[in-house]
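Colleague: I'm new to reading structures. Could you walk me through how the helices pack in this one?

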Amino acid sequence: MATGYDYDDAPGDYEGAADARGSQDVAYDPNFVPDSVKTFVVHLYRHIREKNVYEIHQMYETSFQSLSDRLFKDTPWPSVDAVANYVDNDHVFCLLYREMWFRHLYARLSPTLKQRIDSWDNYCSLFQVVLHGVVNMQLPNQWLWDMVDEFVYQFQSFCQYRAKMKNKTEQEIALLRQYDQAWNVYGVLNFLQALVEKSMIIQILEQEKEGIEQFTATDGYDYNGGSNVLKVLGYFSMVGLLRVHCLLGDYHTGLKCLQPIDITQQGVYTSVIGSHITTIYHYGFANLMLRRYVDAIREFNKILLYIYKTKQFHQKSPQYEQILKKNEQMYALLAICLSLCPQVKLVEETVNSQLREKYGEKMIRMQRYDDEAFSIYDELFSYACPKFITPSAPSFEEPLVNYNQDAYRLQLKLFLYEVKQQQLLSGVRTFLKVYSTISLGKLANYMEVDEPTLRTILMTYKHKTHAVDSDGKIISNADVDFYIDDNKITHNVVEDIMKDMVHVVESKPVKRYGDYFLRQIVKLEGVINDMDWVKLD
């Protein structure tokens, strides 16, 4: 089962969770195991022991989902104690079953605080086995991705739950005090980092570049009878670390954690649609916040084109709604990027036409940098940003208040401050697009400022259209760049005339003839297909 990436549509705030479960507990018997569930766990256990990845994947993706829909739509699955006898009380299998049990609970119901804490304990036990035990299993990449994805989601959900202190009961506050290490931010980061280090995945990816390893070619599976679990968990943990750091607002560290994965190439992260979308969404968002707009635009363009071409294949997937939701969010982020950095030539025609359809009018208004424009930036950012968290525990001694929106408000404030700073640049860009050379005095007159102020504006333009990439190099995001010939007086008439001239350098779009012909071929095939259906008299 794969229940999604951000769970935006999962049961909401988890306030009053105990009340929400009250009526269900009456009818729910955790010790009753229907025959179909007995069959399911027995077969799943056997396939795991036999390392039959294909059958495990079928049972995990299809059987678990259909049983959940049929028997456990609004109740949890049978408890792990009830099914343990059917699987030889196998410790590792029971941990895996509980991981699925909690994931189903989070997706369909509202977990209580105690259940949140129990889920943390289960993840601790499961990851300890993977890190320090002997794991001899092969599990599907989808399941291993869902483990990391759910681990980060439940951490995010716990932080948001804990930050709503106003209506907490005394019992909940007592539990929060007692289990203050549950879902601790350092614990979460340490587990993900430990999985990366213990799996040696960074070294494996380096060796793959030298042709020694075959990790990506085999999608991370071990065809020599070994286990893929630690290696693939370590790999996906790099994406998990990127996501956690984005939730904390530490974009630089997040991108650094993802660096061993070359996202310009196909990789194991692209083998699972949820992983692919989560990786690019957070990679693009982090680059947007670091003013690396070109990198963000390139990757958003690629993933949106991929989703456009393949979404029909995922219509029956339990992830389909989440794919569509992330798709819409990434279009909103692309609209922001292109408004701040008009590099439309980086966007494919298909993606661009979809973007214009969704946000064309808003993007025109965003160029004006008036109050209406800022409200649109605010709206799109609020819709498309991750659900930021405050990871610190509340102060129980002070009056209890809700602080769940604090992190979001801070990131929004920083983003809108950046947008306000871009306000001056739109005027400069307009004039630079018209001229190939223009004197500072003339440009100052047009912009109705004095020359020292214009020099400050031009320096701001240089600063805001350049960013530092992950290797520490300065990269340009500018579609129109310039330099100023500022030579000293030489008494050479021609050279003195050129003094204080702004020379404009416009980046030339690369013409993609191949793309044009491919689009025409697709259109022609469509016309031929339509003609085949026409009945001639």
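Predicted model: local features only at pLDDT ≥ 70, side-chain atom pairs only at ≥ 80, totals over all residues.

Colleague: How do the residues of the contact of helix 10 with helix 11 divide into nonpolar, polar and charged?

Modeller: Tyr counts as nonpolar here, while Gly goes with the polar ones. Sorting the contact of helix 10 with helix 11 that way gives 6 nonpolar, 1 polar and 1 charged.

Colleague: Is helix 10 roughly parallel or roughly perpendicular to helix 11?

Modeller: The axes of helix 10 (residues 201–209) and helix 11 (residues 229–248) come within 9 Å and cross at roughly 95°. Angles of 65 to 115 degrees count as roughly perpendicular. So helix 10 and helix 11 are roughly perpendicular.

Colleague: And which word describes how helix 3 and helix 5 lie to each other?

Modeller: Helix 3 (residues 53–71) packs on helix 5 (residues 91–108) at about 50°, with the axes 12 Å apart. That angle makes the pair oblique.

Colleague: Which residues of helix 5 make the contact with helix 3?

Modeller: From helix 3 come Tyr60, Phe64, Gln65, Ser68 and Asp69. On the helix 5 side, the partners are Met100, Arg103, His104 and Arg108.

Colleague: Is Cys124 buried or exposed?

Modeller: Buried means under 20% relative accessible area. Cys94 passes with 13%. Cys124 has 16%, so Cys124 is buried.

Colleague: How many disulfides are there?

Modeller: A disulfide needs two cysteine sulfur atoms within 2.5 Å. By that rule, the count is 0.

Key:
Residues numbered from 1 in each chain as written. Heavy atoms only, no water. Buried < 20%, exposed > 50% of the residue type's maximum accessible area, 1.4 Å probe, protein only. Axes fitted to C-alpha atoms, helices over the stretch in contact; angles between N-to-C directions. Helix = DSSP H or I, 4+ residues; strand = E, 2+ residues; numbered from the N terminus. Parallel < 35°, antiparallel > 145°, perpendicular 65-115°, else oblique. Contact = heavy atoms within 4.5 Å.
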